[in-house]
Amino acid sequence: NRSGAMSESRLSDFRDLTRAISGLMQAESSFPDVHAAARRAQALDEFCAEVDQMIGINLLPAGGRALAGSEIERVATMHGMSLQADGAFHLLDERGLTRFILSNYDNLPFQHHTLNQMRVTGLTLLLDVPRVELPVQRFDEMVALGRSLAQELRAALVDDHRVALQDAALAHIRGQIAVIEKRHEQRYQQLLDNLKAGALFKKPKKVFWICRAICTSVSRRSR
């Protein structure tokens, strides 16, 4: 998960526990090499850390002024955002997929029945890079939205250290997103090429495929 790859020792503990349960059930069991599994887990974690990026822009009102929940709802709604079940305002595209998220800087969820009583110290606009199409374009749109919200709420755009986000800093973030977008494009193009070539499910050596849904039968195939 986002806490990192599972360690080899934990994988060993899981293997030993599964082996013990199999013995109690008088069942046969086979296990992959733990060291190899740990290497694959580490490689997967490194890949996720490379592409699983959440970009945030904070909006903090001047002078330590608190933002009223009703004011936030009014401005967010004016920009087409709606409060969702996760306690944040979402801007949805034409397919109902989230483009941006506007959340409470204090990490408390917004709720319909308490918005009129809420006072918050700021807001955070979030872009989940791997979950949107054309992330560079979406980032440009999020910055424009952030500037509009900041003007209407009399707030400033700042980073996680409460430092004002100038054009140079925003351009640097945009460049980082462009690198991630290019890597995504290359990976998916490779996947598409393998699919078109009929090589997506081919393996260089014999592998075991186990039907876990119903019958648990095992077949030995090269593809």
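## Contact between helix 1 and helix 2

In this predicted model, helix 1 meets helix 2 through Glu-8, Leu-11, Ser-12 and Arg-15. The residues on the helix 2 side are Val-34, His-35, Ala-37 and Ala-38.

## Geometry of the helix pair

Two packed helices are described by the angle between their axes and the distance between the axes. Helix 1 spans residues 8-24 and helix 2 spans residues 34-51; their axes come within 9 Å and cross at roughly 130 degrees. Angles over 145 degrees would count as roughly antiparallel and 65 to 115 as roughly perpendicular, so helix 1 and helix 2 are oblique to each other. The crossing of helix 1 past helix 2 is right-handed.

## Aromatic pair

The count of aromatic pairs is one. The ring centres of Phe-89 and Phe-110 are 5.5 Å apart and the ring planes stand at 50 degrees, so the pair is tilted.

Phe-89 belongs to strand 4 (residues 89-92), whereas Phe-110 sits in the loop between strand 5 (98-104) and strand 6 (119-120). The pair therefore ties together parts that are 21 residues apart in sequence.

## Burial of the two rings

Phe-89 has a relative accessible area of 1% and is buried. Phe-110, with a relative accessible area of 2%, is buried as well. The cut-off for buried is under 20% relative accessible area.

Definitions and conventions
Residues are numbered from 1 along each chain as its sequence is written. This is a predicted model: local features need pLDDT of at least 70, side-chain atom pairs count only at pLDDT 80 or more; totals for chains, interfaces and linings use all residues. Side-chain values use heavy atoms; hydrogens and water are left out. Rings of Phe, Tyr and Trp (its six-membered ring) pair if their centres lie within 6.5 Å; planes under 30 degrees apart count as stacked, over 60 as edge-to-face and the rest as tilted. Helices (H or I, at least four residues) and strands (E, at least two) are DSSP runs, numbered from the N terminus. Buried means under 20% relative accessible area, exposed over 50%, partly exposed in between (1.4 Å probe, protein chains only). Axes are lines fitted to C-alpha atoms, for helices over the stretch in contact, and angles run from 0 to 180 degrees between N-to-C directions. Angles under 35 degrees count as roughly parallel, over 145 as roughly antiparallel, 65 to 115 as roughly perpendicular and the rest as oblique. A crossing is left-handed if the near helix is turned anticlockwise from the far one by less than a right angle, and right-handed if clockwise. Contact means heavy atoms within 4.5 Å.
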